[in-house]
Amino acid sequence: MAALEAFAAGQGTHPLLALMARARQLPMRDLRLRHYIPLAASLGVRLPNPVPQEIASALLGAAADAGAPAAQILAIRAIDAMPEAARPEGSARFAVRRVAMATVPSRMAYDTTEFSVAAGTPVCITMSNPDTLQHNLLVVAPRALSEIGIAGDKMGETAAGKACHFTPDSPKVLAVMGLVDPGASGEVWFVAPAKPATYPYVCTYPGHWRTMNGKMKVTAPATPQGDSTT
Ligand SMILES: [Cu+2]
């Protein structure tokens with residue numbers, strides 16, 4: 001965080017804008033495999049209140065830009081972290097859908113096996129882990145449950161597997177919650193896909209996927225609200 005602030009000062013910009021510029025350059029693969037945890041930690045960046053116009057415009061632009069998913073999530077989280085009254089005008093459409101779930105002790109399962117969300121909605125899944133084992137949660141492409149589950153199994157309980165949180169290097173992995181220790185909780189932020197379908201979520205810790213999975217049903221986009229032009 002100190003390095004980020006120093007970098008931003010050198011660029012003559014706010015740390016959040018510097019961070020978004022860096023995030024914009026991250027390929028999706030980096031987002032899946034390496035950078036999701038540092039990005040989450042970066043949310044300690046404090047915004048002035050009221051938010052200067054320059055930052056508000058940058059946030060709204062990035063929040064709508066699915067072409068740069070790391071910067072998009074960063075912007076959505078920054079908006080979400082603001083007090084509601086301080087959020088930039090036009091940010092209501094980035095309201096976050098929160099899904100809270102838990103692991104079921106000794107059952108190799110999530111307590112929530114299905115939820116629905118409208119296409120394009122920002123989602124935050126939190127998972128508490130009262131079990132005695134580590135677990136993770138990956139959101140994957142339609143019909144990719146067994147392919148990704150088997151890829152996780154093949155990593156085995158190795159140091160290399162743990163280092164990447166048992167995240168298979170596949171474009172079918174859409175969002176990653178890293179390993180969550182016993183007694184801890186984790187979270188993952190992503191934007192629900194634009195295409196309505198059933199997207200499985202799964203724990204890829206070797207041996208878990210067959211019972212530890214669920215379905216995210218993405219429905220047609222909600223009709224815009226509060227838009228007087230339609
Ligand atoms: Cu598991």
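1. In this predicted model, Leu-16, Leu-19, Met-20, Ala-23 and Arg-24 of helix α2 meet Ala-70, Ala-71, Leu-74, Ala-75 and Ala-78 of helix α5. Sorted by class, the residues in this contact are 9 nonpolar, 1 charged and no polar.

2. The axes of α2 (residues 15–24) and α5 lie 7 Å apart, and the two helices pack at an angle of about 150°. Angles over 145 degrees count as roughly antiparallel, and α2 and α5 are therefore roughly antiparallel to each other.

3. The largest nonpolar core has 54 residues, and those with the most contacts inside it are Ala-75, Leu-138 and Val-140. Helix α5, which spans residues 69–81, supplies the largest share of this core with 8 residues, while at least three residues come from each of domain 1 (2–93) and domain 2 (97–219).

4. For Val-140, leaving aside neighbours within four places in sequence, the contacts are Leu-145, Ile-148, Lys-172, Val-173, Leu-174, Tyr-199, Pro-200 and Val-202.

5. Met-108, in the loop between β1 (97–104) and β2 (109–110), has a positive phi of about 50° although it is not a glycine. With 18 C-beta neighbours inside 10 Å, Met-108 counts as partly exposed.

6. Phe-166, in the loop between α7 (159–163) and β6 (173–180), likewise has a positive phi, near 55°. Phe-166 has 28 other C-beta atoms within 10 Å and is therefore buried, the cut-off being 20 or more.

Note on methods. Residues are numbered from 1 along each chain as its sequence is written. This is a predicted model: local features need pLDDT of at least 70, side-chain atom pairs count only at pLDDT 80 or more; totals for chains, interfaces and linings use all residues. A nonpolar core is a set of buried Ala, Val, Leu, Ile, Met, Phe, Trp, Tyr and Cys residues joined through C-beta atoms within 7 Å. A residue is buried if 20 or more other C-beta atoms lie within 10 Å of its own, exposed if 12 or fewer, and partly exposed in between; C-beta atoms are placed from the backbone. Helices (H or I, at least four residues) and strands (E, at least two) are DSSP runs, numbered from the N terminus. Domain bounds come from an automatic or database domain assignment. Two residues are in contact if their C-beta atoms, placed from the backbone, lie within 7 Å. Axes are lines fitted to C-alpha atoms, for helices over the stretch in contact, and angles run from 0 to 180 degrees between N-to-C directions. Angles under 35 degrees count as roughly parallel, over 145 as roughly antiparallel, 65 to 115 as roughly perpendicular and the rest as oblique. Ala, Val, Leu, Ile, Met, Phe, Trp, Tyr, Cys and Pro count as nonpolar, Asp, Glu, Lys and Arg as charged, and the others, Gly among them, as polar.
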